[in-house]
Amino acid sequence: MASGARFIGSEIYRTSSYGGRHPLAIPRVSTVIDLVHALGWIEPGAYLDSPCASVEALARFHDRAYLGALRRAEATRRVSPEEARRFNIGCNGNPVFPEIFSRPATACGGSLLAIDLLLAGEASVVHNPAGGTHHGRRDRASGFCYLNDPVLAMLRALDGGVRRVLYLDLDAHHCDGVADAFAAEPRVTILSVHEEGRWPKTGGVAEHGCGNLYNLPVPAGFHDDELAFIVDELMRPLALAVAPELIVLQCGADALDDDPLSRLSLSNGALWRAVAAMRPLAPRLLVLGGGGYNPWSVARCWAGLWACLAGHAVPERLPEAAETVLRCLSWSRRAGRNPPEHWMTTLADPPRRGSIRDDVSRLVQLHRGRLCAAAQSLDEAV
């Protein structure tokens, strides 16, 4: 393929749900798959079915006892009170559901496959929208995340000889699981843009790890022009300083204006432009999904990401087949009872513009002075 882009998906997301009124009881990846196919954006060989990661592969990061508990929960559909307390399964937003092991293991398998393709030179960019489960901990579930595919992917890259990785996280929630996993690893540089004060209430600007963490807790109402400012003034300079051999970009759709679980105000175009700006600086690029709790905004955002990565033009008005995919969605929240027409007929949101507020400008300036020191320490480490 001329674009060198691959899309990784699986039918498990069509038949699996967190159940009940959980925020993730909505179709997401399956809708994206249907949408990009309806748009004719999947060239021969571009779509790959995600394998389910083996226990051995998952144990590169995750505790084997925890993995065993997830597999037992899938087999029995229950979890003991002791294991619920120890592993945070079946409580705190992490329900027991029929594919509690195989679904997250498939998301991890997709990100591991992506790294294998990138290292082998069989792709230059891979999109795994099921990935981005950045809250998962070594020995417990957290924040709807049972496993941590970004950590596993970056560990495989490091094991495969990659010396410098840049992880960029644009989710509304701080990437606490990823940051804690690599806080003492100078080969991985992490920049997270997330809503100030939002769960898990980590990712403060003063958290530097071993000098490799760049946290930008942005205020409510964070908009397109402010993200563009961060990309131009911090993300791109950081990438130039780090000179990564791999960029992993987590594109949670919960930072969008139409998402119910944040107070950020981005359009999907802001995320597309951020990815487009970083792509030339990435010898290898893995683009993941993440959060996102409005089925229309998630599908439209991640389908547009694929357009950006694979070189397709986003139409002003969706063709009938793509519109049908979106009209078949439903959502139990109030906004889903009478959804606006443009959620069905267009892919691109209207821009969310505004001035650069002092809070955002100060965050960028606080980190700019660290770039030269970070590049020097990386040179010494590797």
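Two strands count as paired if DSSP finds at least two bridges between them. The views below come from a predicted model.

**View 1. Strand S7 sits between two parallel partners.** Strand S4 (residues 165-169) runs parallel to S7, with 5 bridges joining them. S7 also pairs with strand S8 (residues 285-288), again in the parallel sense, over 4 bridges. Follow Leu249 through this view. Its bridge partner in S8 is Val287. Leu168 has Leu249 as its bridge partner in S7.

**View 2. Both faces of S7 are covered.** Leu246, Val248 and Gln250 lie on one side. Ile247 and Leu249 lie on the other.

**View 3. The loop between strands S5 (188-195) and S6 (213-218) holds Pro200.** A cis peptide bond joins Trp199 to Pro200, with omega about 10°. Lys201 is found in the loop between S5 and S6. Lys201 is not a glycine, yet its phi is positive, about 60°. Lys201 counts as exposed because its relative accessibility is 66%, and the cut-off is over 50%.

**View 4. Arg77 has a positive phi, near 65°.** Arg77 is a residue other than glycine. Its place is the loop between helix H4 (64-76) and helix H5 (81-87). At 48% relative accessibility, Arg77 is partly exposed.

**View 5. Four arginines form a positive surface patch: Arg21, Arg333, Arg334 and Arg337.** Arg21 is found in the loop between helix H1 (12-15) and helix H2 (29-38). Arg21 is exposed, with a relative accessible area of 72%.

Key
Residues numbered from 1 in each chain as written. Predicted model: local features only at pLDDT ≥ 70, side-chain atom pairs only at ≥ 80, totals over all residues. Heavy atoms only, no water. Patch = residues over 30% accessible without salt bridge, like charges linked within 9 Å, V, L, I, M, F, W, Y side chains within 5 Å. Areas by Shrake-Rupley, 256 points an atom, 1.4 Å probe, with all protein chains shown as cover. Salt bridge = Lys/Arg side-chain N within 4 Å of Asp/Glu carboxyl O. Lys, Arg positive; Asp, Glu negative; His and termini not counted. Charge placed at Lys NZ, Arg CZ, Asp CG, Glu CD. Buried < 20%, exposed > 50% of the residue type's maximum accessible area, 1.4 Å probe, protein only.
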